[in-house]
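Hi everyone, thanks for having me.

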Amino acid sequence: MSDPGQSPENPWPVRAVATRVAKWIDRLGTVWVEGQIAQLTMRPGSGTVFMVLRDPAADMSLTITCARDLVVNAPVKLAEGTQVIVYGKPVFYTGRGTFSLRVTDIRAVGIGELLARIERLRRLLDAEGLFDPRLKRPIPFLPGTVGLITGRASAAEHDVIAVASARWPAVRFAVRNTVVQGPNAVPQIVEELRALDADPEVDVIVLARGGGSVEDLLPFSDETLCRAIAACTTPVISAVGHEPDNPLCDLVADLRAATPTDAAKRLVPDAAAEQAMVDDLRRRAAHALRHWVHREERLIDQLRTRPVLAQPLLALDARADDVQRARAAARRDINRLIAAESDRLGHLAARLSTLGPAATLARGYAVVQVLSDEAPVLRSISEAPAGTRLRVRVADGAVITTSEGSDEAH
């Protein structure tokens, strides 16, 4: 047979399981726990107070119980949203099968400690680069739909919508109302922030809340919210508190507005101011255009009054006579040059004729050639022995003869 509780045939009764769980939890001992009071219940006539302690950085909570006098005599007033440190022992109540932390000491976290924690978180996020100005996304000049996360019927909601609509009547809002202080603020704001970031019609998201104490603005310095803002792809404007307030979400957001009203002014342009600027630019453009046209007209008039444009043929007429004189001079020089060269050519031709072989033949001289393939000129008597056929060229022709030898031979 199997051990008790290890098979459906031999199960443990509820009391056995509850008792064993209670004994195991009882061995855990005491522990210090920090969190925000999310719920506080004090029933009249009851000596026990029931509270829910929530982790601000995660969606987790823990039920705690304590004596009524511990709450009544606390150094500060305990209420929902108060950051506390409790000392207690885990307890499992077998009768109801519930778990809680039985608290014997409650200490409120002081303002100094809260500010120190915010400063440590600020240094951590800064070291990770979440405040880097290079990561800031530009705010669109004229967003079509604005996502607004704020408290229900709050002054911040009214200021943002009223001022933005007055400046640009066509602006549209996607309003998401959440709790803006207390233990439930961070999860609600983060949920709506992610929903608006996923909406393709939303061009910019505004996180707005009025002023308050340091404790009231604690959710806006929460690490979870800061990282959710940094993870958004849609530009985020932080308009939390007043000018002196500086929660960490202001440093993570793409734009910090001093107040919700300031956020509305930065969100959309002023239609009246833009119209006035357009009118002024139109006037300046028209004035500049008229000035340019007048300047060009004066320039054209000056050009037209110049002689070269007023009487464009006058310069041509004045140069026509010069051209004719130059042509006549060129023609005379050419004719003179031709005549001189013709005379020179005649003289050269006469000299050439005088010195040429024809003139020499005309004076009675003759040229004797040996009749052969090469027909050399006879230069010596040794070249024409007897019987050599010769060609004798005179002024009016040539005769063929035969050599009978030299005179010396006879």
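Let me start with a term. A nonpolar core is a set of buried Ala, Val, Leu, Ile, Met, Phe, Trp, Tyr and Cys residues joined through side-chain atoms within 4.5 Å. And please keep in mind that what you're looking at is a predicted model.

Okay, so which residues in the largest nonpolar core touch the most other members? They're L193, F220, L225 and I229, out of 31 residues in that core. The elements giving two or more residues to this core are helix 3 (111–127), helix 5, strand 8 (202–209), helix 6, strand 9 (236–240) and helix 7 (248–252). Helix 5 is the top contributor, with six residues. There's also a second, separate core of 17 residues, and L148, A164, A208 and A263 are among its members.

Now let's zoom in on two of those helices. Helix 5 covers residues 185–198 and helix 6 covers residues 223–231. Their axes are 10 Å apart, and they pack at an angle of about 5°. Anything under 35 degrees counts as roughly parallel, so helix 5 and helix 6 are roughly parallel to each other. Who's making the contact? On the helix 5 side you've got V186, I189, V190, L193 and D197, and on the helix 6 side T224, L225, A228, I229 and A231. If you sort that contact by class, you get eight nonpolar residues, one polar and one charged.

Skipping anything up to four places away in sequence, L225 touches V186, I189, V190, L193, L207, P219 and F220.

That list had P219 in it, so let's go there next. P219 sits in the loop between strand 8 and helix 6. Is P219 buried or exposed? It's buried, at 4% relative accessibility, because buried means under 20%. Leaving out residues up to four places away in sequence, P219 touches V180, Q181, G182, A185, V186 and L225. And here's a pair to find on your screen: P219 and V179 are 40 residues apart in sequence, and their C-alpha atoms are 9.9 Å apart in space.

Another loop residue to look at is T178. You'll find T178 in the loop between strand 7 (172–177) and helix 5. T178 is buried too, with a relative accessible area of 8%. With residues up to four places away in sequence left out, T178 touches I149, T150, G151, R152, Q188, I189 and E192.

Next, an exposed loop residue, A153. It's in the loop between strand 6 (145–150) and helix 4 (155–167). With a relative accessible area of 74%, A153 is exposed. Now a bit of background: most residues other than glycine have a negative phi. A153 isn't a glycine, yet its phi is positive, at about 55°.

T30 is in the loop between helix 1 and strand 1 (31–42). It's partly exposed, with a relative accessible area of 44%.

T104 is exposed, at 54% relative accessible area. It touches L70, Y87 and G88, again leaving out residues up to four places away in sequence. So where does Y87 sit relative to T104? The two are 17 residues apart along the chain, and their C-alpha atoms are separated by 5.9 Å.

And W12 lies in the segment before helix 1 (14–26). W12 counts as partly exposed, at 37% relative accessibility. Its C-alpha atom is 81 Å from the one in Q275, which is 263 residues away along the chain.

The domain assignment gives domain 1 (14–109), domain 2 (115–268), domain 3 (270–304) and domain 4 (358–403). How far apart are the C-alpha centres of domain 2 and domain 4? They're 131 Å apart.

How values were computed
Residues are numbered from 1 along each chain as its sequence is written. This is a predicted model: local features need pLDDT of at least 70, side-chain atom pairs count only at pLDDT 80 or more; totals for chains, interfaces and linings use all residues. Side-chain values use heavy atoms; hydrogens and water are left out. Axes are lines fitted to C-alpha atoms, for helices over the stretch in contact, and angles run from 0 to 180 degrees between N-to-C directions. Helices (H or I, at least four residues) and strands (E, at least two) are DSSP runs, numbered from the N terminus. Angles under 35 degrees count as roughly parallel, over 145 as roughly antiparallel, 65 to 115 as roughly perpendicular and the rest as oblique. Contact means heavy atoms within 4.5 Å. Ala, Val, Leu, Ile, Met, Phe, Trp, Tyr, Cys and Pro count as nonpolar, Asp, Glu, Lys and Arg as charged, and the others, Gly among them, as polar. Buried means under 20% relative accessible area, exposed over 50%, partly exposed in between (1.4 Å probe, protein chains only). Domain bounds come from an automatic or database domain assignment.
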